[in-house]
Amino acid sequence: MIDVEPGYWQRAGLLRAKVLSERGKARLGDALIAQTCIDRKIPLLTRDEDFRAFADAARLSLIL
C-alpha cells in the first residue's frame with residue numbers, strides 16, 4: 001500500500017488533462033499510476049507504450 005500525498009487526485013486529473021490535450025492516450029488508471037510514480041520520484045517499469053505520453057507531459061521516468 002502506498003499512501004497518497006495531499007492533492008494527489010487533483011494532480012492526477014491535471015496530468016491526465018494535459019496528456020489528453022496533447023492528443024495522447026490517457027486512461028484513468030494509467031494516470032493514477034503515473035502520478036504515483038511522479039510523486040514518489042520512482043521510475044515506472046512497464047511494457048505499455050501508452051505511458052510515453054505521460055513521460056512526455058511530466059517528469060515520469062520510464063524503463064521500457
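Predicted model: local features only at pLDDT ≥ 70, side-chain atom pairs only at ≥ 80, totals over all residues.
Me: How many cavities of 30 Å³ or more does the structure hold?

Reply: One. A cavity is a set of points on a 1 Å grid over the protein atoms alone where a 1.4 Å probe fits but cannot get out. Points are joined across faces, edges and corners, and the volume is the space filled by probe spheres set on them. Residues are numbered from 1 along each chain as its sequence is written, and side-chain values use heavy atoms, leaving out hydrogens and water.

Me: Which residues line the largest cavity?

Reply: Look for Ile2, Asp3, Val4, Glu5, Tyr8, Thr36, Asp39 and Arg40 (lining means an atom within 4 Å of a point). Helix H2, residues 28-40, brings the largest share of that lining, three residues (helices are DSSP runs of H or I, at least four residues, numbered from the N terminus).

Me: Is threonine 36 buried or exposed?

Reply: Threonine 36 is buried, because its relative accessible area is 19% and buried means under 20%, exposed over 50%, partly exposed in between, with a 1.4 Å probe and protein chains only. This residue sits in helix H2. Setting aside residues up to four places away in sequence, threonine 36 touches Ile2 and Tyr8 (contact means heavy atoms within 4.5 Å).

Me: Which residues have the most contacts inside the largest nonpolar core?

Reply: Leu15, Val19, Ala34, Leu44, Phe51, Phe54 and Leu60, in a core of 13 residues. H2 gives the most to this core, four residues. A core is a set of buried Ala, Val, Leu, Ile, Met, Phe, Trp, Tyr and Cys joined through side-chain atoms within 4.5 Å. Take alanine 34: beyond its neighbours within four places in sequence, it contacts Leu15, Phe51, Phe54 and Leu60.

Me: How many aromatic pairs are there?

Reply: Two. Rings of Phe, Tyr and Trp (its six-membered ring) pair if their centres lie within 6.5 Å; planes under 30 degrees apart are stacked, over 60 edge-to-face, the rest tilted. Tyrosine 8 and tryptophan 9 have ring centres 5.2 Å apart and planes at 75°, so they're edge-to-face. Tyrosine 8 is buried at 5%, while tryptophan 9 is exposed at 57%. Phenylalanine 51 and phenylalanine 54 make a tilted pair, 6.0 Å between centres and 45° between planes. Phenylalanine 51 is buried at 4%, and phenylalanine 54 is buried at 0%.

Note on methods: 1 Å grid on protein atoms, 1.4 Å probe; cavity = no way out; pocket = protein on both sides within 12 Å on 5 of 7 lines; lining within 4 Å. Helix = DSSP H or I, 4+ residues; strand = E, 2+ residues; numbered from the N terminus.
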